Every structure is written in structure tokens, then in C-alpha cells.
Amino acid sequence: MSIESTLYDTLRNDASVAALVSTRIYPQVAPDNAATPYITYQVIVGTAYNKASGAPDSERKVVQVNCISNTYSGAKAIAEACKAAINVSVGYLNAERDDYFSQIETHRIMLDFSLIG
């Protein structure tokens, strides 16, 4: 199973995340008509763990998880749920940043996680 699949399954199957975004979890970008709140995710960096011979058998990826909501408190709640789900099972948090898109009045909390698979 890929790191991306593991991440998606972890978020999709977490009760706290599901309570906030239902099934609105998308790779890279959300559809144009996606209702808020939702989550997107994308790989930022991937590194293979090389061996002395043969193909690498594991890798580390830094994945950005974007928590999108119409309110700052909503985006923060999604971010906290994502951190709890991912930190417990599949990775650890590297960085967190806040953002706001005034043209569409949407808040985004960006979380960067390291995942090893």
C-alpha cells in the first residue's frame, strides 16, 4: 500500500475527521464544486531509503495536508483532528501554517507531515 493510500485511509476512517469533513478528502485539489469544509493532501518531497544492493524497500514522504473551512475555528478544528489521527498511527508533524483567501473568504491550515512506508 502506498503512503498516500495509508494517509487517505487514516483520515477517512478517523471518526473525528469524518465528523468534520465527512468524505470530502481529496488528493491535490478539490473539485470546483466541493462543499466546505474539506481536506486536500499532496506529496511535497519523497525520499527512498537506499540499500547497498537492490531496490529501496521503504521511503519517507513529506505530505502537506490542507484543512479548508469558511471559518478559522473550523479550519483549526479539522487540523487538530488530522494531527491526532496522523500522529497516532502513521507519521509526525513537521510544520503548521495558517492562510486566508480573501477573494473566496476561506481559511486554510497547512500541515506538513513526515510519513514512512
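Colleague: Charges to start with. How many positive and negative side chains does the chain have, and how far apart do the centres of the two sets lie?
Modeller: There are 9 positive and 12 negative side chains. The centres of the two sets lie 3 Å apart. Keep in mind that this is a predicted model.

Colleague: OK. Which helices and strands am I looking at, and how many?
Modeller: The chain has 3 helices and 5 strands. Along the sequence the pattern reads α-α-β-β-β-α-β-β.

Colleague: What does the chain span along its principal axes?
Modeller: The C-alpha trace spans about 50 × 30 × 25 Å.

Colleague: And how does the radius of gyration sit with a compact globule?
Modeller: It agrees, because a compact globule with 117 residues would have a radius of gyration near 13 Å, and the chain has 15 Å.

Colleague: How much of the chain is buried?
Modeller: Of the 117 residues, 38% count as buried. The chain exposes about 6,300 Å². Carbon and sulfur atoms supply 50% of that area.

Colleague: Now the inside. Which residues in the largest nonpolar core touch the most other members?
Modeller: Val 17, Ile 39, Val 65 and Cys 82 do, in a core of 23 residues. The elements giving two or more residues to this core are α1 (3-12), α2 (15-21), β2, β3 (58-69), α3 (72-89) and β5 (106-116).

Colleague: Which element gives the largest share?
Modeller: That is α3, with 7 residues of this core.

Colleague: Different residue. Where does Tyr 41 lie, and is it buried or exposed?
Modeller: Tyr 41 lies in strand β2, residues 38-49. It counts as buried because its relative accessible area is 9%, and the cut-off for buried is under 20%.

Colleague: Last one. How much of the chain's contacts with a separation of 6 or more comes from residues 24 or more positions apart?
Modeller: Those residues account for 52% of such contacts.

Conventions:
Residues numbered from 1 in each chain as written. Predicted model: local features only at pLDDT ≥ 70, side-chain atom pairs only at ≥ 80, totals over all residues. Heavy atoms only, no water. Helix = DSSP H or I, 4+ residues; strand = E, 2+ residues; numbered from the N terminus. Buried < 20%, exposed > 50% of the residue type's maximum accessible area, 1.4 Å probe, protein only. Core = buried A, V, L, I, M, F, W, Y, C linked by side-chain atoms within 4.5 Å. Rg over C-alpha atoms; globule rule 2.2 N^0.38 Å. Contact = heavy atoms within 4.5 Å. Areas by Shrake-Rupley, 256 points an atom, 1.4 Å probe, with all protein chains shown as cover. Lys, Arg positive; Asp, Glu negative; His and termini not counted. Charge placed at Lys NZ, Arg CZ, Asp CG, Glu CD.
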